[in-house]
Amino acid sequence: MSDTLYDVAILGSGPGGLQAAIHASRKKVKTLMLGRIDNSSLYWAHVENYCCQIEITGEEILKKGRAQAENFGTEFRNEDVLAIEQEGKTFSLKLESGDIVKTKTVILATGSNRNKLGVPGEKELLGKGVSYCVDCDAGFYRNEVVAVAGCRSAAAGGAVALTNFASEVHLYCAELDVNEGLRQQLTATGVKVHEGVSIKEILGENAVESVLLDDDSTQPVTGVFIELGAKGVLELTAMLGVQLDENMKYIEADKKQRTNVPGIYAAGDICGPPLQMAKAVGEGCVAGIEAATYAKKLELD
């Protein structure tokens, strides 16, 4: 665990998060940005509707934004956050490497997309054994055999967490893409990792009974957790009491991008439509300024 106390920690490396980092750093506060820019949905896009740019790739925008933020003093770690805990007036972030980061404020800019596996049985058995949130539903699978689908930190971190409840945890992924520290946790906790094997179908009548794999074998399970990419808004805010909209999809934030939890801000697609870069950048600007201002004024005991 680092002894450094950051003023602002930003989760997500898309346009909203980068703009927040630029403005926070310009206010001379200690700023950390977490995540990989190639996780942003913008990374693979071609942009032609953003002000002052005739045509540019998302990759170019994000790389330039990162260079700008670094120039103003933002620190970067290409790691996802697995959990956030509140400790008095500050927050503790657990990274996929196992490191713990302390910060006065958090800006959530992780985007809103919940990636689906896109296999038969997924939609039909949602809520009947199919889940997109380990933190929300793990407790329902005590002493059960479960499967996790995904190759990144959300899947690996979720699989590790499930070992505290389930009797057996199977992780299916094409190729595991996580920090070495998280890979070691998978081994240490006994998660059965099946690299190069994917779930082809989720089977069951009224509830999940098994998964059909792309090698045509089956694995009996009672739960399937679909965790593609990094941790989403629901998982990261589940224990903090951050207010979501009525559909439990987007974070509710005021005009200063403040959530209902002091010290936590949100910007970009995570705050809801329109899901446009211009909106994300504007909200990131406000969130960065407000979080930095709050951090400067915060008095710790």
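Analyst: Strand E13 (residues 199-203) pairs with strand E14 (residues 210-213) in the antiparallel sense, over four bridges. Helices (H or I, at least four residues) and strands (E, at least two) are DSSP runs, numbered from the N terminus, and two strands pair if DSSP finds at least two bridges between them. Six residues lie between the two strands, and Gly204 takes a positive phi near 155°.

A word on what you're looking at: this is a predicted model, where local features need pLDDT of at least 70 and side-chain atom pairs count only at pLDDT 80 or more, while totals for chains, interfaces and linings use all residues. Residues are numbered from 1 along each chain as its sequence is written, and side-chain values use heavy atoms, with hydrogens and water left out.

Now follow Ser210 to a neighbour. Gln219, in strand E15 (residues 218-220), touches Ser210 and Val211, along with Val145, Glu168, His170 and Tyr172, not counting residues up to four places away in sequence. Contact here means heavy atoms within 4.5 Å. Gln219 has a relative accessible area of 17%, so it counts as buried; the cut-offs are under 20% for buried, over 50% for exposed and partly exposed in between (1.4 Å probe, protein chains only).

Val145 has Glu168 as its bridge partner in E11, and five bridges join strand E10 (residues 145-149) to strand E11 (residues 168-173), which run parallel. Both strands belong to an open sheet of five, in the order E9-E16-E10-E11-E12, with parallel pairing. Its edges are strand E9 (130-131) and strand E12 (192-195), each pairing on one side only.

Among the buried ones are Ala154, Gly157, Val160 and Leu162. Their cover includes E10 and E11, together with strand E6 (81-87), helix H3 (134-137), helix H5 (180-189) and strand E16 (223-226).

Elsewhere in the chain there's another parallel pair: four bridges join strand E1 (residues 5-11) to E2, with Met33 in E2 as the bridge partner of Ile10. In E2 (residues 31-34), Thr31 and Met33 point one way and Leu32 and Leu34 the other, and all are buried. In a regular strand the side chains alternate between the two faces of the sheet.

Finally, let's zoom out. The chain has seven helices and 17 strands. Its radius of gyration is 19 Å, close to the 19 Å that the globule rule gives for 301 residues, so the chain is as compact as a globular protein of that length. That radius is taken over C-alpha atoms, and the rule is 2.2 Å times the number of residues to the power 0.38. Along the principal axes, the C-alpha atoms fill a box of roughly 55 × 50 × 35 Å. Buried residues make up 50% of the 301. Of the contacts between residues at least 6 apart in sequence, 57% join residues at least 24 apart.
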